[in-house]
Amino acid sequence: MTVRVAAALLSLCVLGALPTSAQTPTLLRDVNQTPASEPSSWPSGFSVLGGHAYFFARTRATGNELFRTDGTAIGTVLVLDSLPGPDDGAFGALVAWGGAVALSARHPVLGEQLWVGDGSPQSFVPLLGVQAATGHTALGAVQPIGNALLFVADTASFGPEWWITDGTTAGTRLVVDLNPGSYGSYPIDVRALAGGVFFVADDLVHGREPWITDGTANGTRLLADIVPGGGSSNCRVLADLGGRLLLYHDVYGVPSFWVTDGTAAGTVPIPGGPTVTANTAAVVTRGTALFPASDASHGRELWSSDGTVNGTRLVADLSPGTGSTPVFPLGALPDGRVLAGIAASAGAGLAGLWITDGTASGTTRISTVQPHGSQGAQLGGALVFRASDGPTGDEPWRSDGTPQGTQLVRDVLPGTGSSAPAGFARLGSELLFAVLNPVPPAGVEPWLTDGTANGTRLLANVAALPPGATASSDPSDGVDWNGRAMFVAWTGARHDAVLSDGTPAGTAVYGSFPGPDPFPQLNENGNPRLHVVAGDLLALADDPSYAVRMWLDTGNGPVAGPLLALLPGSRPLVAHATVGDVAWLSGNELWHVRGLTATRAPLPSTPPHVYEIARAGQAIVFTTFENGTPAVWRCDADNSCTRLVLASAGVSFGDVVGARRKAFFVRSNDPATGDEPCVTDGTAAGTRVIDVWPGPTGIWPRLLAAYGDGALFLADDGSGGRTLWATDGTLPGTVRLDPFPPGTVVGEIEALWPIGLDRFAFTMPAAPQDTKLWLLDRSGARVVPGAYGSVMSVLGTAGEEIYFAARAPLLKLWRSDGTAAGTIELLELQQVPQLFAVSAGLVYFDHDDLTHGSEPFVVPAGATVQTLGTPCGVGMRAPYLAASDPVLGRTLTLRGGDGPPGAVGIVVLGRPAPWPIAHAGGCVEYVDATAAIVLLQLADAGREFTASWPLPADPGLIGVHVAVQSYCGPSTNALGVELSAGLRLTLDTW
């Protein structure tokens, strides 16, 4: 038998070979060649440290990261790409620490970390002090103190608390566990004060109150218990008065001001203050803060405070009496006076730009120009801010406090459009700010101004795309269509079908579907638009009348009329699809395509609402809701449908999954049993609740997935949280699994992905920022070797393989059969891809190479097994067939069974049929009968069998495709013989 297998494989090598490199993806086609337009870098967080300005900006290549500028275009450079590739990495505020710059940013593996550098490119390194607690932000405030850095870190053991570092891992430690345990004290509103660091936190004894720390546990002390006992004042810093902080809180509608110098004795109340709204911004000038506030006598007006009782007073009652003035301070002039804006809602007599010296008589309007609410910055003897005079929109203005000195700096976006300047920061003798750049491609970019129109200019187009870059086609909805990939992509004018054989020359727009945009809504409600039924392409596409129709394509273009002409104007919604079998909803009725026919299942004359659908063996099982009562149904290959008896008012059904001879579903809201799993063998007597936890509570099963002849799910029986369970459809056979090796910390499982017949993959966090991929089979659960990372994204499964992206520390695309030898790195990536098809040993995915946009790429998958079609049998039973990866020089193993009991069978091997042969009852042959051999004879096809053969280590066989399928009979089905699904084996050395 080994000789015959080898000879058969050798005879097929004329079919050609695939490339052997697994590291270089190939662009199939730049489907959308219209010029790309991604103009905005969205600069933010401008900070000037050591003569340079630092800011965060976004590019397609880097995501949101840290840039530095010296005020010139050539001197505007990326200095830290903490998370390589287009994912956003940097985000925390910058601080100067001695001669260094520190910030918080993401690390590819360890999560958010402190990074320190001298500001030049490649100088930043992570301090690697602590890791984040799962699901929380790792770092909060960062504040220098002496020669050290204080920072807030959220860890699994302590929650958000103060940590301190001297720049080394050994010198990084917890300052104090202010709120003992894992909850944390959540320090916020951090300010340098009196040689220490002021903050507001909750120690679970005094509530959220003001504290100060010198970086030691003994030096961390409460300044005042403003609301005595466990109540919280939730005070916040309103202004830094220079050596003192002005605090404000409002408890149960009673406002209160406090001032602190960093000592308990110097932390005192200021009685009689007004009410300050949340997020109120103050402007400080010469030790006095100006801010909008309100009291019962004057409404909302401008107030000032120097931190004393007598110095906290109303500046001016601009709307006399209890009327309010929508006033907001913009900033201080060098002479100490403050410019403020009053919103247009105040009316023509008040709206505009005002100036005040802190007295009522010294508060006057100097212009009707309408400032924006954001604060400005000093430049020369003036203040630059955002404002509008109407004809020019929101643009940069400047004012020296006089009517004649209040002028438009430049109409950056000419006309009435607004350039919306923001984030003014002083850089030398100029101001750096973000603005909407009017020069195509228009976008928000950093600009500079010296206060004049000619001196207001673009600093650098940070988001500039590479020359000749094109837009994205965003390929999706891919299917394997007889050894080629068919998918949907945007061409620049419409969504079209694209057909590819895995080479650039063999990739072209199919273009056979009529209408201006055949696929306008991709993945409607999560349902793909392309399916393969018995080797033919079934497409949900818009026809010229804009009605969504199903079209059948046998390889010569879509049929002249829509396949479902009997559904004019309907919008089919696919509810369940497998290769070779599609069921869908339309008009709340169940429709079914099996083989070459489309039929309506004979449901009641009053169409029920069909919910979940699954295939079990050769039958379709689905749940409905009709006349207030849910029900379970079974429809066979001849479209005869039976309403099963497990139905009662007031309950509902959840997920339905089909196993080899059964279907499983969830019954919810049942007052007798609670949420429990249910099973059906397709008969009324065999449809029942599996009442694991007797009584009304239930075990809340979720994430049902077929598992051999049973089901796997997550549930909670009250003894240990939500864990893995398995069921064979009986109560004794419904058990809680403990498949993990001893000592495993079991985390939250988010989804289950079936691989082949009876294996599952799932992701589970192993530690903060470390998610591992697990494989579950009959022997237990084990970690897939090498599969871990701060980013873990399962992209899909095909045959016996699972495809996933993991960052550890670099982002890579992987393929795995769950073994160390079968876990293979396919390529390094810049971003997590969308896997849209696996076809004939090739992986098709969308990828942005920063030049062509998001386009279809392909990479060899190595030795793979791909399932073709679905099995055909009788009732809720059909033969199955599975194979190991056909790696040359290793052993090929086939497993199968579930044919007609006592019947004989054969397993045949040959070329994949150029076009599958469809028979009655949905049976399809996938092996070319003109070039096939009998690989195995089965004395009893109803029993499970396993057979193995060594494959030759012949490089001439690399990339060869062979098909395998089992035939069992005789049978009572329409063909007289039952068939397994076909398998396409792609041979390779890895």
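Glutamate 925 lies in strand β77, which spans residues 924–938, a strand being a DSSP run of E with at least two residues, numbered from the N terminus. In this predicted model, local features need pLDDT of at least 70 and side-chain atom pairs count only at pLDDT 80 or more, whereas totals for chains, interfaces and linings use all residues. Residues are numbered from 1 along each chain as its sequence is written, and side-chain values use heavy atoms, with hydrogens and water left out.

With a relative accessible area of 17%, glutamate 925 counts as buried, because the term applies under 20% (1.4 Å probe, protein chains only). Leaving aside residues up to four places away in sequence, glutamate 925 touches Ala913, Pro916, Ile917, His919, Gln965, Tyr967 and Leu979, where contact means heavy atoms within 4.5 Å. The side chains of glutamate 925 and histidine 919 are also joined by a polar contact of 2.6 Å, that is, a pair of N or O atoms within 3.5 Å, one able to donate a hydrogen and the other to accept it.

## A four-stranded open sheet

Elsewhere, four strands form an open antiparallel sheet in the order β35-β36-β37-β38, pairing being assigned if DSSP finds at least two bridges between two strands. Its edge strands, β35 (422–427) and β38 (457–458), each pair on one side only. Strands β36 (residues 430–437) and β37 (residues 443–449) are paired over seven bridges in the antiparallel sense, and asparagine 437 has glycine 443 as its bridge partner in β37.

## The chain as a whole

The protein chain contains 81 strands and one helix, and 56% of its 990 residues count as buried.

Methods. Buried means under 20% relative accessible area, exposed over 50%, partly exposed in between (1.4 Å probe, protein chains only).
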